[in-house]
Amino acid sequence: ITTIPYGADLVDQANVELLRPYGLTPDGYSVVIARPEPENNILEIVAAFSERKRNAKLVVLGNYRPETNPYHAQVLSTASDEVIFPGGIYDSATVGALRFYATLYVHGHSVGGTNPSLVEAMGASSAVLAHNNHFNQWVAGPQAHYFRTQEDCAQAFDELLSDVSERNHMKQASLKRFKEEFSAELECQKYE
């Protein structure tokens, strides 16, 4: 028996103009890309970010329907004015640019395995802040930063948003791990 992990394409450049419709600038925001479900810890991430003024944005992708989903309503009501909810974005070039230019890629998934969004973020050299579980630890590796609780996540934002050196180290580690385990080219070779 063997396992071939999900692979993704390398994003080593992106069109910065794709950020403009959302009022974003490179390294001026962190991004969350996930289905708006409790198991993805979006409420905890948004609450942690919103605890105080960050002088940065948190972009939370996904389709939120507060009128029919109490969890969605809770996430939206918890958000500070620095949190942006642009809805679902399905253009791969735009999503790639959002990952490529983000200060942090925040990954709250707590169940599953090799999550495609995390692998794609690593392929865009994202500095990863992820929920602390064995799935995410195996994918992102020891150089990523992890949180278990809202308090952990808030502390990570406090530390990482002001530490350019550590974020650069995290980005390099993401790209190295991606190239070693998760590139689309390597995935194809394994299938062959």
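## Glu-181 and Lys-190

Glu-181 is partly exposed, its relative accessible area being 26%, where partly exposed denotes the range between buried (under 20% relative accessible area) and exposed (over 50%), computed with a 1.4 Å probe on protein chains only. Its side chain meets that of Lys-190 in a salt bridge at 3.9 Å, N to O, a salt bridge being a side-chain nitrogen of Lys or Arg within 4 Å of a carboxyl oxygen of Asp or Glu. Lys-190 is partly exposed as well, with a relative accessible area of 36%.

## Basis of the values

This is a predicted model, in which local features need pLDDT of at least 70 and side-chain atom pairs count only at pLDDT 80 or more, while totals for chains, interfaces and linings use all residues. Residues are numbered from 1 along each chain as its sequence is written, and side-chain values use heavy atoms, with hydrogens and water left out.

## Other salt bridges

The structure holds 10 salt bridges. Among them, Glu-82 and Lys-53 are joined through their side chains at 3.7 Å, N to O. Glu-82 lies in the loop between helix H2 (70-78) and strand E3 (83-87), and Lys-53 in the loop between helix H1 (42-50) and strand E2 (57-61), so the pair ties together parts that are 29 residues apart in sequence; helices (H or I, at least four residues) and strands (E, at least two) are DSSP runs, numbered from the N terminus. Glu-82 counts as buried at 5% relative accessibility, whereas Lys-53, at 53%, counts as exposed.

Arg-35 forms a salt bridge with Glu-39, with 3.0 Å between the closest N and O atoms, and Glu-39 is partly exposed at a relative accessible area of 35%. A network of salt bridges links Arg-52, Arg-54 and Asp-158.
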